[in-house]
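Have a look before reading on.

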Amino acid sequence: MKTFSLAKPAAVVIGAMALVGTVSLAGAQQPREGERPQPRLADLMQGAQVGHIKLWFAGKAGNWGLATYETKQLKTRLEDAAALYQSLPVNDVTTMAKPLDAISAAIAAKDRREFVRAYGELTAGCNSCHQSVKLGFIRMQTPAANPFSNQEFGAGKK
Ligand code: HEC
C-alpha cells in the first residue's frame with residue numbers, strides 16, 4: 001500500500017507562507033497585536049459596490065428595513081475609506097453625505113420616487129469622486145439585474 005507523504009506539500013506550503021510573509025512585510029503596514037489588518041481601499045470599494053446594488057433592490061422591493069441596513073453599511077464603508085485613506089479628496093467624501101441623508105429620508109417616508117431620485121444622486125457622487133482621482137473609467141450605474149439570487153429582497157418578517 002502506498003503511504004501518504006506530507007513532506008513535499010508541507011515544504012511547498014511553508015515556502016508559500018514565507019513568500020506571502022515577505023510580500024506583506026514589504027507592502028502594507030503591519031497590524032499591531034489585537035488590531036485588525038487595514039482593509040485595502042479596493043476591497044472597501046467592492047463592498048460599497050455590493051451595498052450599492054443591494055440598496056437599490058431593497059428600495060425597489062419596498063423592503064425598508066433592508067434598505068436602512070444597506071444605507072448604513074454603505075455609509076460606514078465610505079467613512080472607513082475616508083478615515084483610512086486620507087489621500088481621498090475630502091470634498092468628494094463629504095458630498096456623499098447629502099445623497100445618503102436623502103436616501104435615509106426617502107426610506108423613513110417610504111417614498112419610492114424620492115428614493116429613486118436620491119439613488120441617482122448617490123451614484124453620481126460615486127462617479128464624481130472616481131473622475132476626480134483619475135479613475136473615470138470606473139463608472140457606476142443603477143443596476144439592471146440582481147446578482148444576489150440567494151437573498152430574498154421582498155419585505156417579509158422584520
Ligand atoms: C471619495 C472618493 C470615492 C468615492 C465617494 C467612491 N469611490 Fe469608489 N473608488 C475610489 C478610489 C480611489 C478607487 C480605487 C481604489 C484602488 O484601486 O485602490 C475606487 C474604486 C472603486 C471600484 C473598483 C474596485 C475594484 O476592485 O473593482 C468600485 C466598484 C467602486 N469604487 C465603487 C464605488 C461606489 C459604488 C461608490 C459610491 C457608493 C464609490 N465607489 C464611491 C474612490 C471613491
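## The iron site

Two side chains coordinate the ligand's iron atom at 2.0 to 2.3 Å: Met45 through SD and His130 through NE2. Donors here are N, O and S atoms within 2.8 Å of the metal (3.2 Å for Na, K and Ca), and water is not among the atoms, so sites may look incomplete. Met45 sits in helix α2 (residues 41-60) and His130 in helix α6 (residues 112-132), so the pair links parts of the chain 85 residues apart.

Why octahedral? The six donor atoms around the iron subtend angles of 88 to 179°; six donors get that label if opposite ones are over 155 degrees apart and all others between 65 and 115. For six octahedral donors, the ideal angles are 90 or 180 degrees.

## Cover around the two residues

His130 counts as buried because its relative accessibility is 12%, while Met45, at 31%, counts as partly exposed. Buried means under 20% relative accessible area, exposed over 50%, and partly exposed in between (1.4 Å probe, protein chains only).

## The overall fold

The protein has six helices and zero strands.

Of the 158 residues, 28% count as buried. Among contacts (heavy atoms within 4.5 Å) between residues at least 6 apart in sequence, 66% join residues at least 24 apart.

## About the model

This is a predicted model: local features need pLDDT of at least 70, side-chain atom pairs count only at pLDDT 80 or more, and totals for chains, interfaces and linings use all residues. Residues are numbered from 1 along each chain as its sequence is written, and side-chain values use heavy atoms, leaving out hydrogens and water.

How values were computed
Helices (H or I, at least four residues) and strands (E, at least two) are DSSP runs, numbered from the N terminus. Four donors count as tetrahedral if all angles lie between 85 and 135 degrees; four count as square planar and six as octahedral if opposite donors are over 155 degrees apart and all others between 65 and 115; anything else is irregular.
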